[in-house]
Amino acid sequence: MHGIGSLGLLFTRTTFEKVMSKTLSIFLLLISVSGLAQESIIKDFAEDRSNLKLCLYPSTLRMVNIKKDPDFYELVNDVEKLLIYTLDANTSKSGSFTGWTDEYRNIGYEEYIAMSGKVDLIILGKDEEYVGVTGTDGNVAAFYLRGAIPFQKIPKLIQTFEGGDMLTLLTNQLDR
Amino acid sequence: MKKIIAIVLILGTGNLAFSQGTVMTKYFEKFSGDEDFTKVSVSSKMFSLFTEMDASTDDQKEFLDAISKLKGLKAVVGENVESSESKKLFNSAVADVDKEGYEELMTITDAEENVKISIKESGGKISELILVAGGKSKFALLSLYGEIDLKKISKLASSMSIHGMHHLKKLDDDYDDDDNE
């Protein structure tokens, strides 16, 4: 107790603020670096293998909702960032477009759903970050999403849009 | 002596846990590169999301109640399978299920499809339900595991559009018949 008290006296308010400021800077740096590291896996895989990249933030996600669908608003309201890559034909047809998801598994992402056959689908998640890949008939898309999703809204939204997957939903919105 | 009992118990529990997915693992591996067979795996993580949903009707409440206790779902579904191949797969899967010690719950045989539903039960609770279906051009092997309530399983059957699931509705009919007797 005596030790802690003495230590407390050594800290002036200015010193304390400096220490706190440095700690906060390091903490923010670590958070941003870890975020980048987790995005970097999909980027490393998809940047050179995609023919379309969509990078959507809350403002752009709200913009694509031209029909002003309230369910769509609620779905994307807490999404901080969404990256979508449509993979090129070579990658899509190679059948080797799911390997990169193992790197996410290795850093603690858990599997929500996996499907393979005529339709391929993998969704992994950790805290409020999700990555995945979905594809059919040689058209494959990989995605990274950071933010909260109200899952209860998804079935209703899928019913609203014929087609089904998030990519179809977004491209339909963008086409209008 | 205590050590030996402990080792036997640990090994026994390990085997029990391992054997739970053996049949599904075999068929997942068998058809891993075959596009004509759809392989689906839904984890407990996915089912846990349903617990966050709000139910507005009694049907939804029952569905969410049933689904929240599941730990996973795995399915292998083949469509456009040759009739002889489908029959062979059905017989082989049924034999594998029987060999793993599942208890038969229901068998349905009609002109279109053969279906066998089996369960794994311990301590009065159903921990896994496995369904094998083989038709003229279709084959389905489906496993639900977790805490399974047969009375509520038909709610899942109505809500999930996976081939073979619709047969689970018959479990509810069967239970209703039993209740009426």
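How many residues does the contact take from chain B and from chain A?

## Contact between the chains

The model is predicted. In this model the contact takes 12 residues from chain A and 14 residues from chain B. On the side of chain B that touches chain A, two elements give two or more residues: strand β1 (37–43) and helix α3 (44–50) of chain B. Of these, β1(B) gives the most, with 7 residues. By class, this side of chain B is made up of 6 nonpolar, 5 charged and 3 polar residues.

## Strand pairing across the contact

The strand that gives the most residues on the side of chain B, β1(B), also pairs with a strand of the other chain. Its partner is β3 of chain A, residues 110–116. The two strands run in the antiparallel sense, and 4 bridges join them. Within this pairing, A:Ile113 stands opposite B:Val42, a residue of β1(B).

## Fold of chain A

Chain A contains 8 helices and 6 strands. Read from the N terminus, the order of its elements is α-α-β-α-α-β-α-α-β-β-β-β-α-α.

Chain A has 176 residues, and buried residues make up 24% of them. Among contacts in chain A with a separation of 6 or more, 59% are between residues 24 or more positions apart.

## Positive phi in two loop residues

Which loop of chain A holds A:Asp127? A:Asp127 is in the loop that links β4 (119–126) to β5 (129–136) of chain A. Its phi is near 50 degrees, a positive value in a residue that is not glycine. Is A:Asp127 buried or exposed? A:Asp127 counts as exposed because it has 9 C-beta neighbours inside 10 Å, and a residue with 12 or fewer is placed in that class.

In chain B, a positive phi of about 60 degrees is found at B:Asn80, again not a glycine. B:Asn80 lies in the loop between β2 (70–78) and α5 (83–99) of chain B. With 8 other C-beta atoms within 10 Å, B:Asn80 is therefore exposed.

How values were computed. Residues are numbered from 1 along each chain as its sequence is written. Chains are lettered from A and ligands numbered from 1 in the order in which they are written. This is a predicted model: local features need pLDDT of at least 70, side-chain atom pairs count only at pLDDT 80 or more; totals for chains, interfaces and linings use all residues. A residue is buried if 20 or more other C-beta atoms lie within 10 Å of its own, exposed if 12 or fewer, and partly exposed in between; C-beta atoms are placed from the backbone. Two residues are in contact if their C-beta atoms, placed from the backbone, lie within 7 Å. Ala, Val, Leu, Ile, Met, Phe, Trp, Tyr, Cys and Pro count as nonpolar, Asp, Glu, Lys and Arg as charged, and the others, Gly among them, as polar. Two strands pair if DSSP finds at least two bridges between them.
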